[in-house]
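What follows is a walk through one structure, from the contact between its chains to single residues. Please keep the sequence and the 3D view open while reading.

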Amino acid sequence: MNGQLQPPIHAGWAWQYQWLNLSVADMIVVALMVIVFALALVLPFPREDNK
Amino acid sequence: MKTNLTKTIRLWIQDVLPMENLLPDTMPAYVDSYVYLFGILTVAALVWLIVTGTILAVFGPDWWHVSTVGHFFNSMHFWSVQAFFFFMILHLWAQFLMAAWRGGRHWTWIGGWLLFLVSIVAALTGYLSQTNFDAQWIGVQGKDAMNATGIDGFFNILNFGQMYGLHIFVLPMAIIVLLIVHLMLVRMHGVVEPFSHPLEGDESIAQNVDKHQ
Ligand code: HEM
């Protein structure tokens with residue numbers, strides 16, 4: 001790889017499976033999305049008591 | 001009575017989207033979950049994107065690359081993009097899991113997909129508009145992918161002027177127009193009812209279920 005241009009973007013280590021390429025940052029974001037979605041489902045929504 | 005274009009349009013609007021439906025002050029009881037907020041959180045991120053993007057466009061790259069305040073607005077624009085896609089995808093999951101295309105809402109769903117696809121192109125042109133080495137790298141790498149599809153003859157990602165123009169005007173406009181249609185459709189149809197059963201006493205829901213089941 002000597003003398004070859006290197007990308008200026010360094011996403012670091014990535015999990016690789018066929019065409020799929022997930023960096024640690026990618027996986028953290030996906031995990032956060034799943035957590036926020038689950039919380040939105042289970043947390044009770046505050047509501048006014050208007051009879 | 002005589003009709004004319006203005007009157008026809010007015011009657012049509014009154015019929016498909018009366019004011020009470022456009023700006024309702026109550027929601028059906030089942031709209032009782034944070035899940036329904038993902039759409040409006042996406043809108044909020046978009047508003048922030050447009051505000052910070054306008055400031056970046058006014059002051060220009062030599063400002064956003066070197067000054068502290070420029071960095072700040074550049075970062076706000078970047079993080080608004082992250083929030084925009086984050087909430088858009090959660091919104092998509094929510095609508096997918098409740099099959100929100102039911103009851104004649106297919107255009108809301110299809111419009112959502114158009115918004116998603118246009119947003120991806122807007123993000124790509126944004127990365128190409130940074131005026132730094134990242135942008136150059138993405139442009140030079142990406143051109144081969146574009147060439148492989150043949151679209152490069154028209155959509156040339158090495159053409160900075162074209163990418164910047166698309167990013168700061170054409171694509172945001174397209175998103176805004178699609179979004180207005182998306183939101184009008186949501187108001188016209190009302191929030192999609194849950195799978196379980198039509199709620200008692202709610203005529204509009206009962207009618208909908210009759211029509212579509
Ligand atoms: C720019 C991106 C988008 C924005 C700002 C946006 C905004 C909204 C808002 C505010 C609502 C009403 C409240 C809600 O249920 O959250 C809504 C409803 C809806 N959205 Fe989106 N949306 C976007 C993208 C999408 C995408 C990607 C899809 C799916 C492909 C989608 C499908 C739907 C559907 C089917 C509804 C109707 C839900 C119902 O009738 O109850 N939207 N959208």
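The model is predicted, and local features are discussed where pLDDT is at least 70.

Begin with the place where the two chains meet. Chain B contributes 16 residues to the contact and chain A contributes 18 residues. Between them the chains bury about 1600 Å², with 81% of that area on carbon and sulfur atoms. On the side of chain B, the residues that lose the most area to chain A are Tyr34(B), Phe86(B) and Trp137(B), which together account for 41% of what that side buries.

As for secondary structure, two or more residues on the side of chain B that touches chain A come from each of helix H5 (68-97) and helix H7 (133-149) of chain B. The largest share of that side is from H5(B), with 6 residues. Sorted by class, the side of chain B that touches chain A consists of 13 nonpolar, 1 polar and 2 charged residues.

The next topic is the interior. In soluble globular proteins, nonpolar side chains tend to be buried together. In this model the largest nonpolar core has 34 residues, and Phe38(B) and Leu90(B) have the most contacts inside it. Which elements give two or more residues to this core? From chain A there is helix H1 (24-42), and from chain B there are helix H3 (38-59), H5, helix H6 (106-128) and helix H8 (160-189). H5(B) supplies the largest share of the core, 9 residues. H5(B) also gives the largest share of the side of chain B that touches chain A.

Leu90(B) shows how residues of both chains come together in contact. Setting aside residues up to four places away in sequence, Leu90(B) touches Met33(A), Val36(A), Phe37(A) and Phe38(B). Phe38(B), one of these partners, is also named with Leu90(B) among the residues with the most contacts inside the core.

Val51(B) lies in helix H3 of chain B. Is Val51(B) buried or partly exposed? Its relative accessibility is 37%, so Val51(B) counts as partly exposed. Along the sequence Val51(B) and Met76(B) are 25 residues apart, while their C-alpha atoms are 9.8 Å apart in space.

Thr108(B) belongs to helix H6 of chain B. Thr108(B) is buried because its relative accessible area, 13%, falls under 20%. Apart from neighbours within four places in sequence, Thr108(B) is in contact with His182(B), Leu185(B), Val186(B) and His189(B).

Asp144(B) sits in helix H7 of chain B. Its relative accessibility is 46%, and therefore Asp144(B) counts as partly exposed. The side chains of Asp144(B) and Lys143(B) are joined by a polar contact of 3.1 Å. Asp144(B) and Ile157(B) are 13 residues apart along the chain, and their C-alpha atoms are separated by 9.8 Å.

Two loop residues come next. Ala99(B) is in the loop between H5 and H6 of chain B. Phi of Ala99(B) is near 45 degrees, a positive value in a residue other than glycine. With a relative accessible area of 9%, Ala99(B) is buried. Thr131(B), in the loop between H6 and H7 of chain B, also has a positive phi, about 55 degrees, although it is not a glycine. Thr131(B) has a relative accessible area of 33%, so this residue is partly exposed.

Phe160(B) is in helix H8 of chain B, and at a relative accessible area of 39% it is partly exposed. How far apart are the C-alpha atoms of Phe160(B) and Leu90(B)? They are separated by 32 Å, and the two residues are 70 residues apart along the chain.

Conventions. Residues numbered from 1 in each chain as written. Chains lettered and ligands numbered in written order. Predicted model: local features only at pLDDT ≥ 70, side-chain atom pairs only at ≥ 80, totals over all residues. Heavy atoms only, no water. Contact = heavy atoms within 4.5 Å. Buried area = accessible area lost by both parts, 1.4 Å probe. Helix = DSSP H or I, 4+ residues; strand = E, 2+ residues; numbered from the N terminus. Nonpolar A, V, L, I, M, F, W, Y, C, P; charged D, E, K, R; others polar. Core = buried A, V, L, I, M, F, W, Y, C linked by side-chain atoms within 4.5 Å. Buried < 20%, exposed > 50% of the residue type's maximum accessible area, 1.4 Å probe, protein only. Polar contact = N/O pair within 3.5 Å; in protein donor to acceptor, adjacent residues only side chain to side chain.
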